[in-house]
Amino acid sequence: MADTVLYEVSDGLATITLNRPDAMNAMNVEAKVALREAARSAAADPAVRAVLLTATGRAFCVGQDLKEHVGLLQEDRETGSGQTMSTVREHYNPIVRALTGMPKPVVAGVNGVAAGAGFGFALAADYRIVADTASFNTSFAGVALTADSGVSWTLSRLIGPGRAADLLLFPRGIKAQEAYDLGIANQVVPAAELAETALKTARALAEGPTLAYAAIKESLAYAAGHSLDEALDKEDELQTRAGASEDHTIAVKAFLDKAKPKYLGR
């Protein structure tokens, strides 16, 4: 049986590919564990300077594998264990923490529908490139559940709490162009061009000033929950750190020499 998640590192770029195309990349336990470990590996590996999260088949990820989920719920009823919903704590939360918290940029190449947790994984990326045939759906309320996979945090930050509440309370398909208009998608490209565009974008980030990208991620996350004065202090801290990097020296010299900088990621 094919691996449920593929992981490859090449020239500073880690590519994580959801690989259950026959199940529309629904997340069974095996896939959740594999995605969690792949995201953690990419975050911890100093050789990885950017990450591309994508999928095989016609869907990006439709969220929880409900066929497996029904069986696990039945086991819970029979044993009284109540373990099924621990998947949020054991799998989804660590996946989102790894994607959002890693000190390197994450690009999501959304090839098809991203629903439920799949929507959450896409939102956890720093940059979303979306096929014009793709769509998004919160889905949770449709199966009598609340948001997980960080959606309550990421979606409201991107489109505002009012619109986020609308999409969570009344789940519906959000086509690619609407996703772009709302601010969910950063780029919409023809489906035939998605793989090439996403790879090109992620590879460009892998060749960029890694420490500066890490500081940008940290500053945005910090500013979301702090005052302006606190954010300014954080910018001072992070800019001091970035200014001491080899890449900053390389960039300044390249600018003065009218040359293209070749960053080292340090």
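Colleague: What makes you call H4 mostly covered?

Modeller: This is a predicted model, and the label comes from a count. In H4, 8 of its 8 residues are buried. Buried means under 20% relative accessible area. The buried residues of H4 include Phe119, Phe121 and Leu123. Gly118 and Gly120 are among them too.

Colleague: What makes S3 and S7 partners of S5?

Modeller: Two strands pair if there are at least two bridges between them. Strand S3 (residues 50-55) and S5 have 3 bridges, in the parallel sense. S5 and S7 are joined by 4 bridges and also run parallel. Both counts reach the cut-off, so both are pairs. Leucine 52 stands opposite valine 107 in S5. Alanine 108 stands opposite arginine 128 in S7.

Colleague: What makes S1 and S2 a pair, and in which sense do they run?

Modeller: Strand S1 (residues 5-10) and S2 share 6 bridges, in the antiparallel sense. The cut-off is at least two bridges, so they pair. S1 and S2 form a hairpin, with 2 residues between them. Aspartate 11, in the turn, has a positive phi of about 50 degrees.

Colleague: Why are S4 and S9 called edge strands?

Modeller: Start with the open sheet. Its 4 strands come in the order S4-S6-S8-S9, with mixed pairing. Strand S4 (59-61) and strand S9 (174-175) each pair on one side only, and these are the edge strands.

Colleague: How do you know that S8 and S9 pair?

Modeller: Strand S8 (residues 135-137) and S9 have 2 bridges, in the antiparallel sense. At least two are needed, so the pair counts. Serine 135 has lysine 175 in S9 as its bridge partner.

Colleague: Why do you say that the buried residues of H5 line one face?

Modeller: First, name the residues. They are Val151, Thr154, Leu155 and Ile159. Seen down the axis of H5, they fall within an arc of 100 degrees, so they line one face of the helix. The buried residues of H5 pack against H4, helix H6 (161-169) and helix H7 (176-182). Just after H5, glycine 160 takes a positive phi of about 95 degrees.

Colleague: Why is asparagine 28 called buried?

Modeller: Asparagine 28 has a relative accessible area of 10%. Asparagine 28 sits in the loop between strand S2 (13-18) and helix H1 (29-44). Leaving aside neighbours within four places in sequence, asparagine 28 is in contact with Arg20, Asp65 and Glu68.

Colleague: Is serine 139 exposed or partly exposed, and how do you know?

Modeller: Serine 139 has 25% relative accessibility. Buried would need under 20%, and exposed over 50%, so serine 139 is partly exposed. Serine 139 lies in the loop between S8 and H5.

Colleague: What makes its phi worth a mention?

Modeller: Most residues other than glycine have a negative phi. Serine 139 has a positive phi, near 70 degrees. Lysine 258 also has a positive value, near 55 degrees.

Colleague: Why is lysine 258 called exposed?

Modeller: Lysine 258 has a relative accessible area of 78%. Exposed means over 50%, so lysine 258 qualifies. Lysine 258 is in the segment after helix H11 (246-256).

Conventions
Residues numbered from 1 in each chain as written. Predicted model: local features only at pLDDT ≥ 70, side-chain atom pairs only at ≥ 80, totals over all residues. Heavy atoms only, no water. Buried < 20%, exposed > 50% of the residue type's maximum accessible area, 1.4 Å probe, protein only. Contact = heavy atoms within 4.5 Å. Arc of directions from axis to C-beta.
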